[in-house]
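Here's a quick briefing to read alongside the model. Have the sequence and the 3D view open as you go.

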Amino acid sequence: MNQHLVIDNLAFSKKSEALSGILLLADCPRLQELLHQPSLKAESKAQEIAFNLTGTTNSLNQHFLSLSITANLSANCQRCLSAMPLILKLHFNYLISDVEDADLEALALDNVDDYDLLQSNANMDLAALIEDELIMALPIAPTHENNCVELITQSGEKPNPFAALQGLIKPQKSE
Ligand SMILES: [Zn+2]
């Protein structure tokens with residue numbers, strides 16, 4: 001399990017380290033809440049988040065982290081409310097800064113879009129960072145690209161919510 005993906009991000013970059021792995025959706029409870037709630041355990045396990053992190057230092061002695069994320073998730077279609085695949089491929093470049101927060105904000109003003117600033121941290125929680133980035137990257141209202149109704153008919157997975165009720169309502173016997 002990837003329970004402790006904690007790294008010293010500055011040391012990681014200085015040593016040009018690399019780390020890749022898989023996070024399960026179960027490792028990301030805040031993200032999981034925003035997605036389709038799988039009814040089957042196997043369905044839940046199919047949703048996984050692959051990541052690759054590399055550390056680099058440039059000629060100006062600036063330290064960077066490069067993070068790639070490929071997430072195979074399942075969201076609720078906002079039109080038909082059934083599950084739909086949601087594949088996110090994200091890439092981030094972070095410049096690690098060991099300056100104070102106030103200076104970091106000043107630096108951010110000059111920031112270009114090539115990278116985000118990341119505070120140096122000897123105990124950076126990589127899983128939390130990945131989870132945060134995925135939450136921010138989630139579409140606000142994901143919908144099936146094709147006709148939803150057609151999809152439901154094809155899959156036949158969508159149970160009629162009234163089917164259960166019908167079994168409960170017995171015709172009244174007249175005496
Ligand atoms: Zn749909």
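F12 sits in helix α1, residues 9-14 (helices are DSSP runs of H or I, at least four residues, and strands are runs of E, at least two, numbered from the N terminus). Keep in mind that this is a predicted model, where local features need pLDDT of at least 70, side-chain atom pairs count only at pLDDT 80 or more, and totals for chains, interfaces and linings use all residues. Residues are numbered from 1 along each chain as its sequence is written.

**Around F12**
- F12 counts as buried because it has 20 C-beta neighbours inside 10 Å; the cut-offs are 20 or more other C-beta atoms within 10 Å for buried, 12 or fewer for exposed, and partly exposed in between, with C-beta atoms placed from the backbone.
- Beyond four places in sequence, F12 is in contact (C-beta atoms, placed from the backbone, within 7 Å) with I7, E17, G55 and L65.
- L53 is 41 residues from F12 in sequence, yet their C-alpha atoms are 9.6 Å apart.

**The sheet**
- Five strands make an open sheet in the order β2-β3-β4-β5-β6, with mixed pairing (strands pair if DSSP finds at least two bridges between them).
- Its edge strands, each pairing on one side only, are β2 (18-24) and β6 (116-119).
- β2 and β3 run antiparallel to each other, paired over seven bridges.
- I22 has A50 in β3 as its bridge partner.

**I49**
- Skipping residues up to four places away in sequence, I49 touches I22, L23, I69, A71, I130 and L134.

Key:
Contact = placed C-beta atoms within 7 Å.
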